[in-house]
Amino acid sequence: MKKKNIKTKNTKRNTKNNIYVNREHKDRLFKKLFGSAENKANMLSLYNALNGSSYSDETELQIYTIEDVIYLGMRNDVGFILDSYISLHEQQSTYNPNTPLRGLLYHTKMYEKFIAQNKLDIYSSKLKKIPTPQFYVFCNDERFKEDKKILKLSDAFIQPVKEGSFEWTAIMININKGYNPDLLDKCETLNDYATLINKIREFKEIYESIEIAVTKAVNWCIENDILSEYLRMHKSEVIGMVLTEYNQKEIMDDIRSEAFEDGRLSEIANTERERKRANDAEVRADAAEERLSQANTYIKELEQKLADLNIASTK
């Protein structure tokens with residue numbers, strides 16, 4: 001289907017010239033829906049769906065998110081303790097095989113926090129009990145074609161170890177359309193979130209402007225009672241968050257693609273030629289940082305145009 005070339009001023013889908021990112025949007029929509037104190041009910045619903053439990057008392061859930069952890073420029077993580085489990089829920093739009101290592105490092109920070117809060121003497125001769133770890137990753141990368149995949153830290157070990165001698169895992173769950181319907185049926189908010197992301201993709205196939213696609217998807221969800229209450233209350237913020245997420249992902253994809261083409265992912269910069277390549281990479285990184293800062297001004301203009309966009313998109 002041919003895309004409709006509907007644009008506003010300076011709104012081309014070209015990450016090399018127009019990067020629409022608002023640095024004020026540090027949280028991904030997933031974290032807003034499942035990681036904020038006012039949305040503990042969503043956290044409980046997702047936990048219950050994953051564990052076959054039926055917790056309803058929000059006071060039993062203790063948020064344990066580590067606030068200084070950033071993934072692709074935005075926070076996408078939700079940490080909490082419930083039922084003697086210390087859980088990390090994370091959303092990824094790009095499949096990452098290094099997820100178990102990142103999860104281990106994150107849990108280490110949560111355990112440090114737990115030990116300090118509970119004043120545990122880990123040098124004691126008595127065994128100190130700690131919450132059991134859980135790590136779930138909700139992936140909507142379209143290249144991920146499995147319902148669920150268990151990623152193992154041992155796959156990254158340089159030297160193999162005997163099975164069971166040491167392991168850390170991440171359970172990656174596919175939340176794209178057509179995958180894990182039973183889980184999505186058990187958690188309405190996760191289902192609605194997945195539906196919104198899917199509708200954005202559908203509208204991106206029709207409209208060249210990502211701004212139009214996101215606005216159309218948000219409007220469609222409101223009209224069809226998908227996250228409708230939340231989207232009505234936070235429409236502008238949600239559109240800004242989603243645009244920031246999409247465009248930061250494109251920036252990182254561009255940088256990774258360039259690095260891969262140059263062979264930097266598999267080479268060690270120990271020659272003059274390779275040092276030059278490293279310097280070039282720094283220049284590109286600086287340029288990307290400058291483009292990100294320029295986006296601050298644009299997103300403010302975009303928010304002022306949202307009302308006009310909504311009117312134009314319904315015609």
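Trainee: With which residue does Lys 199 form a salt bridge?

Mentor: In this predicted model, where local features need pLDDT of at least 70, side-chain atom pairs count only at pLDDT 80 or more, and totals for chains, interfaces and linings use all residues, a salt bridge is a side-chain nitrogen of Lys or Arg within 4 Å of a carboxyl oxygen of Asp or Glu. Residues are numbered from 1 along each chain as its sequence is written, and side-chain values use heavy atoms, leaving out hydrogens and water. Lys 199 meets this rule at 2.7 Å between the closest N and O atoms, and its partner is Glu 202.

Trainee: Is Lys 199 buried or exposed?

Mentor: Relative accessible area, computed with a 1.4 Å probe and protein chains only, decides this: under 20% is buried, over 50% exposed, and in between partly exposed. Glu 202 has 33% and is therefore partly exposed, whereas Lys 199 has 13%, so Lys 199 is buried.

Trainee: Which parts of the chain does the salt bridge of Lys 32 and Glu 237 link?

Mentor: The side chains of Lys 32 and Glu 237 meet at 3.5 Å, N to O.

Trainee: Which residues does Tyr 230 touch?

Mentor: Tyr 230 lies in helix α7 (residues 228-233), and contact means heavy atoms within 4.5 Å. Leaving aside residues up to four places away in sequence, Tyr 230 touches Leu 29, Lys 32, Leu 33, Asn 39 and Val 238.

How values were computed
Helices (H or I, at least four residues) and strands (E, at least two) are DSSP runs, numbered from the N terminus.
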